[in-house]
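Here is a colleague's note to read alongside the model. Keep the structure open as you go through the points.

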Amino acid sequence: MCGRPSNASTRRPGSWCCGSVTPRGTLGEEDQAAPVGDLSLQTTEATVGDLSFRAHERLTAKDVKVVMTGGSIGDYPFDAYETDIGFWAQMDGKEVPVRLMFSNNDTLFSVSVTPWPSPQEAALGLELVRSGSLLVFAVLMMVVMWALAASVLIGTWYLTSRGEGLVWPALGWMAATLFALSAFRNTAPGSPPIGCVLDWFAFLWAETVIALCVIAVVLTGVRTALRTDDEETDGEPDGGPDGGTGDLGRASTQ
């Protein structure tokens with residue numbers, strides 16, 4: 001017997017593994033597409049569910065759920081998992097040898113395989129860590145989030161220190177950054193849940209800084225605008241813009 005499991009997208013400790021079974025030699029028909037007898041494929045405890053195939057029926061690939069341990073999705077993008085996968089087969093009630101071939105088709109993870117030597121069983125230990133490309137992209141996302149927050153903070157300092165008032169283009173840019181950051185965070189590979197390391201290291205802090213900056217600019221701008229209006233009102237002559245009664249009084253005196 002020859003099995004070829006390949007891991008599907010692994011986003012949480014319970015993951016799906018897709019594999020195909022191929023009967024070799026006298027255990028299969030000429031095209032090796034069907035077993036010559038009733039085939040039962042047992043699995044380890046970490047692999048939830050055994051597989052059964054009827055004699056002379058064409059074999060098809062099946063999904064098997066595998067339990068991952070030793071990690072948490074909350075550690076994204078630094079999360080890692082491990083599990084053990086084992087198979088042994090019986091045909092018509094008699095044990096037959098099994099050979100296992102494993103391949104990784106998931107771009108989100110790098111897999112380290114440790115085979116267990118056994119004459120009649122096929123077993124291996126798996127350790128899954130985030131792939132290098134995903135790790136680089138996630139770290140870059142955190143750097144970009146902090147860079148955007150720092151840009152908004154510098155703009156806030158400039159507007160508030162110089163008393164620029166309500167500068168609507170700047171406020172529009174800050175508000176757009178606040179909402180664009182949420183959409184940018186949702187593009188993280190693997191769709192991590194809210195509350196992971198990515199959020200605590202960058203996203204939540206960046207959102208908080210930008211929101212506080214928008215509030216500070218609005219409050220400072222409103223106060224500056226009100227003070228400017230009061231100064232213009234106090235500096236205007238009582239009789240109107242042309243002098244009013246003040247000029248008439250001087251003329252009558254002369």
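**Notes on the fold, core and surface**

1. Start with methionine 145. Leaving aside neighbours within four places in sequence, methionine 145 is in contact (heavy atoms within 4.5 Å) with Leu181, Phe184, Arg185, Ala202, Phe203 and Ala206.

2. A word on the source. This is a predicted model, where local features need pLDDT of at least 70, side-chain atom pairs count only at pLDDT 80 or more, and totals for chains, interfaces and linings use all residues. Residues are numbered from 1 along each chain as its sequence is written, and side-chain values use heavy atoms, with hydrogens and water left out.

3. Which residues touch the most other members of the largest nonpolar core? They are Met145 and Ile210, in a core of 48 residues. Such a core is a set of buried Ala, Val, Leu, Ile, Met, Phe, Trp, Tyr and Cys residues joined through side-chain atoms within 4.5 Å. Several elements each supply at least two residues of this core, including strand 7 (80-91), strand 12 (122-130), helix 1 (132-162), helix 2 (168-185) and helix 3 (197-235). Helix 3 gives the largest share, 8 residues.

4. Now the whole chain. It has 4 helices and 12 strands. These are DSSP runs numbered from the N terminus: helices are H or I with at least four residues, strands are E with at least two. Of the 254 residues, 37% are buried. Buried means under 20% relative accessible area, exposed over 50%, and partly exposed in between (1.4 Å probe, protein chains only). Among contacts with a separation of 6 or more, 58% join residues 24 or more positions apart.

5. Next, the surface. The chain's accessible surface is about 14500 Å², and carbon and sulfur atoms hold 60% of that. Areas come from the Shrake-Rupley method with a 1.4 Å probe; for residues, only the protein chains shown count as cover.

6. Where does phenylalanine 78 lie? It sits in the loop between strand 6 and strand 7. Phenylalanine 78 has a relative accessible area of 46%, so it counts as partly exposed.

7. Finally, the cysteines. Cysteine 196 has 0% relative accessibility, so it counts as buried. Cysteine 213 is buried too, at 4%. A disulfide is a covalent bond between the sulfur atoms of two cysteines. Here the rule is a pair of cysteine sulfur atoms within 2.5 Å. By this rule the count is 0 disulfides.
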